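The sequence and structure come first.

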Amino acid sequence: MGGTTRLNALAYQLRFAQSADAAACAALDRDHSPVFAQTSSYVRLIDGEGCVLLCEQGTRLVGVAAVAKGVDAAELLNLVVEPSMRRQGCAFALLRHACVWARDQERSLILLEIRASNVAARLLYEQSGFRVDGVRARYYLDTRSGLREDAILMSKDLTGELKHDDTDT
């Protein structure tokens with residue numbers, strides 16, 4: 001990883017985050033997610049509890065994928081992309097590399113959950129081989145409206161995934 005990828009005439013780079021990137025990850029998350037992680041959460045992942053993948057356009061951070069390393073399965077904790085970069089391949093590339101990283105960590109499964117209203121994310125995950133495993137009824141609380149929303153639970157079997165050496169960026 002670390003090469004330049006071109007999709008729809010936009011060039012971006014993917015790389016693993018370092019501790020110094022944690023604050024920028026949290027800022028992007030805070031600016032573009034309804035529920036966001038603190039800088040300390042990113043530091044813990046970067047320092048060994050998982051990994052954080054970055055998508056950059058030049059020197060600008062435009063996307064982040066945060067993955068926790070569980071005992072048997074990895075968990076995609078967050079995938080956030082700046083609105084101007086959505087539908088440009090950044091999220092797909094981050095997701096693909098998150099799955100490869102999980103497979104490299106000898107995890108056979110990657111789990112995630114999304115808000116039921118996040119139709120674009122669900123489509124991305126389904127197109128990437130994730131399947132719906134269940135629903136957590138009324139799991140998310142919208143702090144502005146006070147309404148609750150279901151969480152959709154999804155997973156992907158990684159036993160057929162490529163190892164890192166087999167991928168290109």
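The largest pocket is lined by 42 residues, and those nearest its centre are Asn78, Leu79, Asn118, Ala121 and Tyr125. A pocket here is an open set of points on a 1 Å grid over the protein atoms alone, with protein on both sides within 12 Å along at least five of seven lines; a lining residue has an atom within 4 Å of a point. The model is predicted: local features need pLDDT of at least 70, side-chain atom pairs count only at pLDDT 80 or more, and totals for chains, interfaces and linings use all residues. Residues are numbered from 1 along each chain as its sequence is written, and side-chain values use heavy atoms, with hydrogens and water left out.

**Largest pocket**
- The space in the largest pocket is about 1,200 Å³, a volume being the space filled by probe spheres set on grid points joined across faces, edges and corners.
- Its lining has 24 nonpolar, nine charged and nine polar residues, where Ala, Val, Leu, Ile, Met, Phe, Trp, Tyr, Cys and Pro count as nonpolar, Asp, Glu, Lys and Arg as charged, and the others, Gly among them, as polar.
- Elements that each supply at least two lining residues include helix H1 (22–32), helix H3 (90–104) and helix H4 (119–127).
- Strand S5 gives the most to this lining, with seven residues.

**Fold and strand pairing**
- The protein chain has four helices and eight strands; helices (H or I, at least four residues) and strands (E, at least two) are DSSP runs, numbered from the N terminus.
- Strand S8 (residues 148–157) pairs with S6 in the antiparallel sense over seven bridges, pairing being called when DSSP finds at least two bridges between two strands.
- Ile114 stands opposite Ile152 in S8.
- Strand S7 (residues 131–141) also pairs with S8 in the antiparallel sense, over seven bridges, and Leu141 has Arg148 in S8 as its bridge partner.
- Six residues lie between S7 and S8 in their hairpin, and Gly146 in the turn has a positive phi of about 80 degrees.

**Aromatic contacts and burial**
- Two aromatic pairs are found in the whole structure.
- Tyr139 and Tyr140 form an edge-to-face pair, because their ring centres are 5.1 Å apart and their planes are at 80 degrees (centres within 6.5 Å; planes under 30 degrees apart are stacked, over 60 edge-to-face, the rest tilted).
- The charged end of Arg136 sits over the ring of Tyr139, 5.2 Å from its centre (the limits are NZ of Lys or CZ of Arg within 6 Å of the ring centre and within 35 degrees of the ring normal).
- Tyr139 is partly exposed at 41% relative accessible area, whereas Tyr140 is buried at 13% (buried is under 20%, exposed over 50%, partly exposed in between; 1.4 Å probe, protein chains only).

Conventions
Rings of Phe, Tyr and Trp (its six-membered ring) pair if their centres lie within 6.5 Å; planes under 30 degrees apart count as stacked, over 60 as edge-to-face and the rest as tilted. On a 1 Å grid over the protein atoms alone, a cavity is a set of points where a 1.4 Å probe fits but cannot get out, and a pocket is an open set with protein on both sides within 12 Å along at least five of seven lines; lining residues have an atom within 4 Å of a point.
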